[in-house]
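Colleague: I would like to go through the pockets of this model with you. Shall we start with what lines them?

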Amino acid sequence: MADTCGQILLGSGLTVLSHPLMYIKVLIQVGHEPLPPSLGRNLFGRQVYQLPGLLAYAKHIVKIDGKAGLFKGLAPRLCAGTIGTVVHSKVVQKCHEQDTPQVLGSQQKAGDGSLQYVVNETAKEMIARSCATIVTHPFHVITLRCMVQFIGRETKYSGVLDSIFTVYREEGILGFFAGLIPRLLGDVLSLWICNLLAHLINTYAIDDSMSHTGEIRNCSQAVTGFFASMLTYPFVLVSNLMVVNNCGLAGGLPPYASVYPTWVDCWRHLSREGNMSRGNSLFFRKLPAGKMYAVDQKRFF
């Protein structure tokens with residue numbers, strides 16, 4: 001219980017600190033570009049036209065809504081983090097309790113570094129993460145919609161309870177799970193890619209006789225986690241777009257945004273447009289190829 005409380009406090013602190021970054025990232029993901037391209041320099045020092053980065057975007061939001069405007073959607077996100085931590089902890093504990101003596105004996109015999117051990121532990125983590133994601137997804141939906149209101153200056157989603165009633169009244173129970181499938185797929189794929197790739201590196205590329213082996217293994221885990229998140233980013237993008245798709249907000253309706261019948265249609269449209277990585281970078285953002293900037297709608301076409 002103490003460990004769970006500690007995780008909740010730490011997670012809440014990190015959530016508050018990272019919330020402005022997520023807010024800006026979501027607005028970029030849905031295609032909102034309130035500031036026109038400007039002349040800057042790339043990593044090689046060449047002058048190129050770039051889109052505003054994180055700091056310029058944040059200054060624009062502060063100019064309109066003040067510093068508090070950077071924290072729209074924070075309350076439901078904190079709720080999701082707290083509930084998700086508790087659910088994840090309970091499911092992991094339950095999975096370990098249900099391990100039979102035969103399973104525990106085979107794992108101990110195989111050793112912590114065996115492929116069988118990695119697969120078993122990853123499966124448990126997958127179940128725990130999936131349960132936490134499903135339970136907290138309604139709060140994730142409210143969080144993103146609170147953020148996207150910035151585009152049309154709406155106040156439709158103003159509080160956690162009020163937003164819950166709004167979603168249920170307009171979309172029913174299914175409205176709370178918009179964009180859930182691609183989000184789950186992305187989480188599961190990212191977890192398996194990260195753990196299996198880290199196992200291969202630790203087994204075949206790192207020798208136990210090397211100095212600082214523990215630090216190297218931790219570093220490999222971090223690198224594989226970053227690589228996995230890059231590979232599965234399109235699932236995150238599609239999920240977030242489906243959360244706000246046709247929900248009554250200007251940011252999810254024509255002419256600003258297309259309406260997608262399913263998340264597969266959204267994926268195909270983004271793939272055709274070459275926008276599968278939109279919002280992935282918050283610095284050195286290059287102009288979309290073959291697109292024109294519309295000043296009145298503050299987006300590219």
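Modeller: This is a predicted model. The lining of its largest pocket comprises 17 nonpolar, 24 polar and 6 charged residues.

Colleague: Which residues lie nearest the centre of that largest pocket?

Modeller: Of the 47 residues lining the largest pocket, those nearest its centre are Arg77, Thr133, His140, Arg183 and Asp187.

Colleague: And which helix gives the most to the lining?

Modeller: Helix H1 does, with 12 residues. Helices that each supply at least two residues of this lining are H1 (2-29), H3 (74-97), H5 (115-152), H7 (180-204), H8 (213-231) and H9 (233-244).

Colleague: What is the space in the largest pocket?

Modeller: The largest pocket holds about 1700 Å³.

Colleague: Now the second largest pocket: what volume does it have?

Modeller: Its volume is about 830 Å³. The second largest pocket is lined by 36 residues, and Gly274, Asn275, Arg278, Gly279 and Pro288 are the closest to its centre.

Colleague: Which elements give two or more residues there?

Modeller: They are H9, helix H10 (263-273), strand E3 (285-286) and strand E5 (299-300). H10 gives the most, with 3 residues.

Colleague: How does that lining divide by class?

Modeller: The second largest pocket has 17 nonpolar, 12 polar and 7 charged lining residues.

Note on methods: Residues are numbered from 1 along each chain as its sequence is written. This is a predicted model: local features need pLDDT of at least 70, side-chain atom pairs count only at pLDDT 80 or more; totals for chains, interfaces and linings use all residues. Side-chain values use heavy atoms; hydrogens and water are left out. On a 1 Å grid over the protein atoms alone, a cavity is a set of points where a 1.4 Å probe fits but cannot get out, and a pocket is an open set with protein on both sides within 12 Å along at least five of seven lines; lining residues have an atom within 4 Å of a point. Grid points are joined across faces, edges and corners, and a volume is the space filled by probe spheres set on the points. Helices (H or I, at least four residues) and strands (E, at least two) are DSSP runs, numbered from the N terminus. Ala, Val, Leu, Ile, Met, Phe, Trp, Tyr, Cys and Pro count as nonpolar, Asp, Glu, Lys and Arg as charged, and the others, Gly among them, as polar.
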